[in-house]
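Please look at it first, and then follow the dialogue.

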Amino acid sequence: MDGQGQGGPVLRPRRLAANLWKLGLTALIAAVALMPIYITFIVSLKGQTDLSSHWVPPKVLSLANYLWAIEIGRIFSAFLNTTVITGFSVAAVVLLSSMAAYPLARNATRLNAAVSTFILSILMVPALSLLVPLYVLLLRVHGVSTYWGIVLVHVTFNLPVSVFLYMNFIRALPRDLDEAALIDGCSIYTIFSRIILPLLRPVTVSVIIFAGVAVWNDYQFSLYFLQKPAIRVITLMISSFFAVSGTDYHIAAAAAVMAIIPITVIYVFLQRRFVKGILDSAIK
Amino acid sequence: MQRLYRKTNIMYLPVLLLFAVFVVYPFFDGIRIAFTNWNGFSRQYDYIGLANFGRLFSDPNIRMALLNTLLYGFGSTLFQQILGLAYALLLDQRFPGRTAGRTIALLPVFISAVIMGYMWYFLLQYDGALNDLALLLGGGKVLWLSDPGLAKALIISINTLQYVGYSMIIYLAGLQSIPASYLEAARLDGAGSWKCFYRITLPLLYPAIVSSVTLNLIGGLKLFDIIRALTGGGPGYTTHSLTTLLYTSYFGNQNAGYAATIGILLFCMILLVTVLTQWTARAREVQF
């Protein structure tokens, strides 16, 4: 802030003091953000008989809770279910919304303006308010506790934002691209799949992150639509630990730590893209 | 070209089909179910007219849940803006550690809210981490989640702390879009830092404020996971929001008809709040 490029010997101590202040506040922010994770981690390392403070790590390191969590919680099966559901949902969202966005961005007819408005208005519908009739619908078509049932629901409610993102992106692409390809003898569908689709990569990353995080972390839809233990996702697995009375909370803590590891690791490595994903979907 | 583009319209048909099946149809079916006394599983039910809607007005739990929903929505939104803007103002400055600060502040946003709720439970339970601190500081143990007022305050705080990074990122982007020359010019004219913030930064952040408020408000009104994890709506029905009450009415009390009616109430409320926010935002935008 003060005196860019002129940090003379007189200014330095002052700047150091200012930086220390900022660093202190930043440390506080970090501590608040990490506190629940830290406590859960400490709990996960202790045995049920260890009554020492939650803030102090145990003297003896034991991973027994993790082994129990894997066995009781069947964590790997939950991870597999979550991965399958997230993978298929995100793939379908990317495919369907990029396809839908192309005519809506390029073919500006009155009909298509109405279609865009309709799709955007779906954004305003809170999925939660439809849970009862949605559940009834899935019950009727035997889609409760199936992969395809929950995937279709996830896809539907992640589509509006994605279509919107793709639409904005395609509008900014020059039409000359399409025309040049047309002259080269491409059909309109080839133009989309060969010319446009590869150019959509930056926005596709945002869509994958946006929809992927939403589906991976989902609890509400899963709570309603996945009722068989065999198809339990990670959030349901964690909540099942707390639903049963007499559970050893230390094992539940170990399960919670394992549950947040994948997304934390991916986030730390792809931070910039996560930030871009947030901004793309937030600022309309 | 235009003629060719017309052929592409079929490309949005799958999306429209999904919306028809999973949004439009359930929407109307929900209204139909709201007129019944269906319990959610039996084949037999009766149409009972507006009885469910009448019950909405006389049910004290609904009044409580409706007030809580608004409290969670507006409460978290308010705190998220104040805190998010403060975080952004701090982490927008150049100093060692700011990148790490941003990364960590944003991390909770990507953790599942229900898991975040359970992780907080380890702090809030009677033999939990916060009571360890209370004992250390010479106080007595507190039943954090047994007092409705305290429990609601905690739900709002935890939701705020989890999603404050979201607002922070939006505000950081907003701050970075303000040309440094504006602030320099003002400073040359003798404006103090508070005046610079109030007269230049804040008005120019207006679009960011609108995005952040709208998103936080909708998120807060739909709050579900954290309530389920921390209180399950209790003690009694005191911390229920419409979303959790809807779930309890359906799966707990086996009253699908009434749950569908609560769904309609929730729908109307979120729609109303969103539209009002957008209107207010647009009306003010003209001034700048």
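Q: Into which domains is chain A divided?
A: Domain bounds come from an automatic or database domain assignment, and here chain A is divided into domain 1 (12-62) and domain 2 (73-282). This is a predicted model, in which local features need pLDDT of at least 70 and side-chain atom pairs count only at pLDDT 80 or more, while totals for chains, interfaces and linings use all residues. Residues are numbered from 1 along each chain as its sequence is written, and chains are lettered from A and ligands numbered from 1 in the order in which they are written.

Q: How many residues of domain 1 of chain A are in contact with domain 2 of chain A?
A: Two residues are in contact if their C-beta atoms, placed from the backbone, lie within 7 Å. In chain A, 7 residues of domain 1 are in contact with 7 residues of domain 2. On the domain 1 side there are 2 nonpolar, 4 polar and 1 charged residues, where Ala, Val, Leu, Ile, Met, Phe, Trp, Tyr, Cys and Pro count as nonpolar, Asp, Glu, Lys and Arg as charged, and the others, Gly among them, as polar. The C-alpha centres of domain 1 and domain 2 of chain A lie 34 Å apart.

Q: How many residues of chain B are in contact with chain A, and which helix of chain B gives the most?
A: Contact is made by 73 residues of chain B with 75 residues of chain A. Helix H2 (residues 13-34) of chain B gives the most to that side, with 12 residues; helices (H or I, at least four residues) and strands (E, at least two) are DSSP runs, numbered from the N terminus. By class, the side of chain B that touches chain A has 53 nonpolar, 13 polar and 7 charged residues.

Q: At what angle do H6(A) and H2(B) pack?
A: Two packed helices are described by the angle between their axes and the distance between the axes. Helix H6 (residues 147-171) of chain A and H2(B) pack at about 125°, with their axes 10 Å apart; axes are lines fitted to C-alpha atoms, for helices over the stretch in contact, and angles run from 0 to 180 degrees between N-to-C directions. H6(A) and H2(B) are therefore oblique to each other, since angles under 35 degrees count as roughly parallel, over 145 as roughly antiparallel, 65 to 115 as roughly perpendicular and the rest as oblique. Among the residues making the contact are A:Leu159 of H6(A) and B:Phe22 of H2(B), and the contact divides into 10 nonpolar, 1 polar and no charged residues.
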